[in-house]
Amino acid sequence: SPTGDSWGIFTFLCAALCNLPALPALNCSEELGAGQSIQQTYDLTRYLEHQLRTLAGTYLNYLGPPFNEPDFNPPRLARAERVPSATVDLDLWRGLTDNARLAANYRAYSRLLCYLRVLDRQVGTAELRHRLAHFCASLQGLVLSIGGVMSSLGYPLPAGPAAPPVPPGAPTAPNDFLKKMDDFWLLKELQTWLWRSAKDFNRLKKKVPPAVVTLRLEARGF
Amino acid sequence: MANPVPSACCVVLAAVVMVYAQRQSQQDSPVQYERVGADVTMKCGSMDWDAAVTWTANGTDIDESHLNGSYLILKNVDLSQSGQYACYEGSSWHLKYQTSLRVGTPPKEPVLMCRSNNYPKGFYCSWHLPTPTYIPNTFNISVIHGTKDMVCEKDAIPKNRCHIRYLQLFSTVKYKVTLTVTNALGKNFTTLTFDEFAIVKPDPPESVVAKPVPNNPRRLEVSWQNPSSWPDPDSFPLKFFLRYRPLILDQWQHVELSDGTSHTITDAYAGKEYIIQVAAKDNDIGTWSDWSVAVHATPWTEEPKHLTTEAQITETTSASTSSFMAPPTTKICDKGAVVGSGAVAVCWTAGLVVAAYSVLFI
């Protein structure tokens, strides 16, 4: 009967409209997904930054003065350069390709995570260990999230760190004070990376979704 | 025959030369700076203590009670005693010594402020003295970033301000700014140490406009623009804070907006004039800007009905409105008298829906 046909057409149209993003090519939803996961990664960096504030406060108090003083502004020692720095020349940062931008973030957080895990093994109080463990888990999530964005955009993941930064059990610094300085700089670099990432992902948010859709369609000869 | 013009010229010329000579000698005389409340002793050049001299202050003779021999003694000097002091030999009235006395204070700790309203381009620092010194001061500013000395370029206007460009972004090392103020009576300084992201504070949003929304008595449409000093809103987006209240109330209502440069207020009190302001902040770092210039707006109100009745009487041609508006004298509350174009439209749409259904199901 005509009624059945009309309803059938109507149902089909509804279904088509609701699932349109998935129709043209399976990869289309991936690209739109990339836009969404950039947003999620951005949100994660903000969440981690917030978490770090509490963690750093507790940890610096554990280290004791002068590390927990707000005006503490020590010179950068050569040994601290092992921790990846977020500092970058302004024009260079602006000119980074999406791949380079994402890779820099991925590499930095992978290494920072390693260092934090080493810290976790050595730390004294149970409360601190608990906080650190929680933070490491969230940071791991961030690394995976960045990796996910890179994969969905077709970029290769950067190779992991060549060797673990510190063999477990070996002394990390000649004395206690220098060890504490290392910890101080690690937290500082982590904080700086988190607010740099917010800006990195802002830039990516604006640039990625439309450009990528066009590229992918071209590749498939559409 | 005496010609008055040349002699008048001579007099004027002589006067000019005299004034010039006086001024020159004043400029050549040394400036002496003294603190407020100090005791000042002035010697009459190389004259002996027991020589007969006359001191003047700004041309006026000074009473002998202030003299100790040929020395001038000023006790507990105050600001009003600044001026030109000169000493003349008693009888010959030869000028033996003169000085310009400036009474002032050594500088108190200066007030220094640094801010980045154009992130990520750089930042500026501005300063002032909390109390005046009444004598000339020089300001010297130094900026240290880690081990590097940076140059803070002084602005022409305003004078007590300098700006610096960031060479690197996302720095872990703090900036240390030291301002030193020096004058003839002393010096003082102050230091500021801060992280790059801590001093970010945009200028307030610009071109704030608030407009009523036609046919919506509780709405106001507000729009604004990013501050023009913010160089890169795409990579460094701003978020906004809007506050509004009717003029008659003191309590503000607040809305935080994470993107977009417009907002529609939907809970305005009908007919009341509103005051509206907007502030901006970098999405992730720094502090809120100052509030923007306040704008005033009143929501749209319907024209009162009794005015249209009067218009009906005076109108010669009947406009379409008169056929829809019920004059107050007729039975508005009559169940049957549903007035207005709205009711007519309802009937028509109902008819269309029924027709559509019938087509589908028959």
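This briefing covers how chain A and chain B meet, and a few side-chain pairs that link separate parts. The model is predicted. In it, 28 residues of chain A are in contact with 24 residues of chain B. About 2400 Å² is buried between the two chains.

**The interface as a whole**

- Carbon and sulfur atoms give 55% of the area buried between chain A and chain B.
- There are 12 residue pairs in polar contact between chain A and chain B, counting pairs with both residues at pLDDT 80 or more.
- Several elements of chain A each supply at least two residues to the side that touches chain B: α1 (2-18), α2 (26-63), β1 (88-89), α3 (90-95) and α6 (176-219).
- Helix α6(A) gives the most to that side, with 12 residues.
- Sorted by class, the side of chain A that touches chain B has 11 nonpolar, seven polar and 10 charged residues.

**Salt bridges**

- Over all chains, the count comes to 18 salt bridges.
- Across the interface of chain A and chain B, there are six salt bridges.
- One salt bridge pairs the side chains of Lys188(A) and Asp195(B), at 3.3 Å from N to O.
- Another salt bridge pairs the side chains of Arg46(A) and Asp284(B), at 3.0 Å from N to O.
- Arg46(A) sits in helix α2 of chain A, and Asp284(B) sits in the loop between β23 (274-282) and β24 (295-297) of chain B, so this pair joins two chains.

**Strands that pair across the chains**

- Strand β1(A) is joined to strand β15 (residues 168-169) of chain B by two bridges.
- The strands β1(A) and β15(B) run antiparallel.
- Which residue of β15(B) is the bridge partner of Val88(A)? The partner is Leu169(B).

**Aromatic pairs**

- The whole structure holds 25 aromatic pairs over all chains.
- Phe72(A) and Phe184(A) form one aromatic pair, with 5.0 Å from centre to centre.
- The planes of Phe72(A) and Phe184(A) are 70° apart, and the pair is edge-to-face.
- Why does this pair tie together parts that are apart in sequence? Phe72(A) lies in the loop between α2 and β1 of chain A, while Phe184(A) lies in helix α6 of chain A, so the pair ties together parts that are 112 residues apart in sequence.

Methods: Residues numbered from 1 in each chain as written. Chains lettered and ligands numbered in written order. Heavy atoms only, no water. Contact = heavy atoms within 4.5 Å. Buried area = accessible area lost by both parts, 1.4 Å probe. Salt bridge = Lys/Arg side-chain N within 4 Å of Asp/Glu carboxyl O. Polar contact = N/O pair within 3.5 Å; in protein donor to acceptor, adjacent residues only side chain to side chain. Helix = DSSP H or I, 4+ residues; strand = E, 2+ residues; numbered from the N terminus. Nonpolar A, V, L, I, M, F, W, Y, C, P; charged D, E, K, R; others polar. Pairing = 2+ DSSP bridges. Phe/Tyr/Trp six-rings, centres within 6.5 Å; stacked < 30°, edge-to-face > 60°.
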